[in-house]
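Colleague: I am new to this one. Can we go through it in short questions and answers?

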Amino acid sequence: MQRREALRATLLLIAAPAVAKAAREGREVIVSGRAVCLKDGEPGPATDCTFGEAFGIESPDGTIHRLDPTDLRVEILTDERVNMHPLEVALWQEDGLGKIIRLYTIQDGETIEPYYFCFTCNITSHLPGPCWCCQQEFEFKERPARPSTD
């Protein structure tokens, strides 16, 4: 048991500089606005983009928060049932790009969490497409957002 604790302590000491560096280089930001496509450099309708292209969140003051095109969670913005609403998004901002931590739509003053669900396998996802288990299409669902416990 003491050996395991010593190994754990050693690993923590080795990892500490990398964790501290990551914490200094990035930060969490909450952004409100609308999803936009940045394919041509200027913000356009989110429906003009496909996954892997340049998406952003445009705040009401015109600030554009560019999203990391390699972030898989960005794919939810290709769904018109999501991108047609104002959004509230928690992003991990690093090197000028944001990765989605949490995403909510604002509908009639209510904060709503969009997600996808497979009834066959009882799997919840934040990505559209086929279920990882049975390959049936996930069904789009929405629920009132729960307060974050982070």
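Colleague: Leaving aside its neighbours within four places in sequence, which residues is leucine 103 in contact with?

Modeller: Keep in mind that this is a predicted model. Leucine 103 sits in strand 6. Contact here means heavy atoms within 4.5 Å. With neighbours within four places in sequence set aside, the partners of leucine 103 are Arg73, Ile76, Leu77, Val82, Leu87, Glu88, Val89, Glu113 and Pro114.

Colleague: Is leucine 103 buried or exposed?

Modeller: The cut-off for buried is under 20% relative accessible area. Leucine 103 has a relative accessible area of 4%, so leucine 103 is buried.

Colleague: How far apart are the C-alpha atoms of leucine 103 and valine 82?

Modeller: Val82 is among the contacts of leucine 103. Along the chain the two are 21 residues apart. Between the C-alpha atoms of leucine 103 and valine 82, the separation is 9.5 Å.

Colleague: Which residues have the most contacts inside the largest nonpolar core?

Modeller: In soluble globular proteins, nonpolar side chains tend to be buried together. Here the largest nonpolar core has 24 residues. Those with the most contacts inside this core are Leu77, Leu87 and Leu103.

Colleague: Which strand gives the most to this core?

Modeller: Strands 1, 3, 5, 6 and 7 each supply at least two residues of this core. The top contribution is four residues, and it comes from strand 1.

Colleague: Which residues line the largest cavity?

Modeller: Rolling a probe the size of a water molecule over the atoms shows where empty space is left. The structure holds one cavity of 30 Å³ or more. The volume of the largest cavity is about 40 Å³. Its lining, with four nonpolar, one polar and one charged residues, consists of Arg73, Ile76, Ile100, Leu103, Pro114 and His126.

Colleague: What are the elements of the protein, from the N terminus on?

Modeller: The secondary structure comes to two helices and nine strands. From the N terminus on, the order is α-β-β-β-β-α-β-β-β-β-β.

Colleague: In what sense do strand 1 and strand 3 pair?

Modeller: Strand 1 covers residues 26–37. Cysteine 37 stands opposite phenylalanine 55 in strand 3. Strand 1 and strand 3 pair over four bridges, and the sense is antiparallel.

Colleague: Which residue in strand 4 is the bridge partner of glycine 56?

Modeller: Strand 3 and strand 4 (residues 64–66) also pair in the antiparallel sense, over three bridges. In strand 4, the partner of glycine 56 is arginine 66.

Colleague: Which residue takes a positive phi in the hairpin of strand 3 and strand 4?

Modeller: This hairpin has five residues between the strands. The phi in question is near 95°. It belongs to glycine 62.

Colleague: Which residues of strand 3 are buried on each side?

Modeller: In a regular strand the side chains alternate between the two faces of the sheet. Strand 3 spans residues 55–58, and both of its faces are covered. One side has Phe55 and Ile57 buried, and the other has Gly56 and Glu58.

Colleague: Leaving aside its neighbours within four places in sequence, what is glutamine 93 in contact with?

Modeller: Glutamine 93 has its place in strand 5. Its relative accessibility is 14%, so glutamine 93 counts as buried. Apart from neighbours within four places in sequence, the contacts of glutamine 93 are Glu25, Gly26, Arg27, Val29, Arg66 and Gly98.

Note on methods:
Residues numbered from 1 in each chain as written. Predicted model: local features only at pLDDT ≥ 70, side-chain atom pairs only at ≥ 80, totals over all residues. Heavy atoms only, no water. 1 Å grid on protein atoms, 1.4 Å probe; cavity = no way out; pocket = protein on both sides within 12 Å on 5 of 7 lines; lining within 4 Å. Points joined across faces, edges and corners; volume = space filled by probe spheres on them. Nonpolar A, V, L, I, M, F, W, Y, C, P; charged D, E, K, R; others polar. Buried < 20%, exposed > 50% of the residue type's maximum accessible area, 1.4 Å probe, protein only. Pairing = 2+ DSSP bridges. Core = buried A, V, L, I, M, F, W, Y, C linked by side-chain atoms within 4.5 Å.
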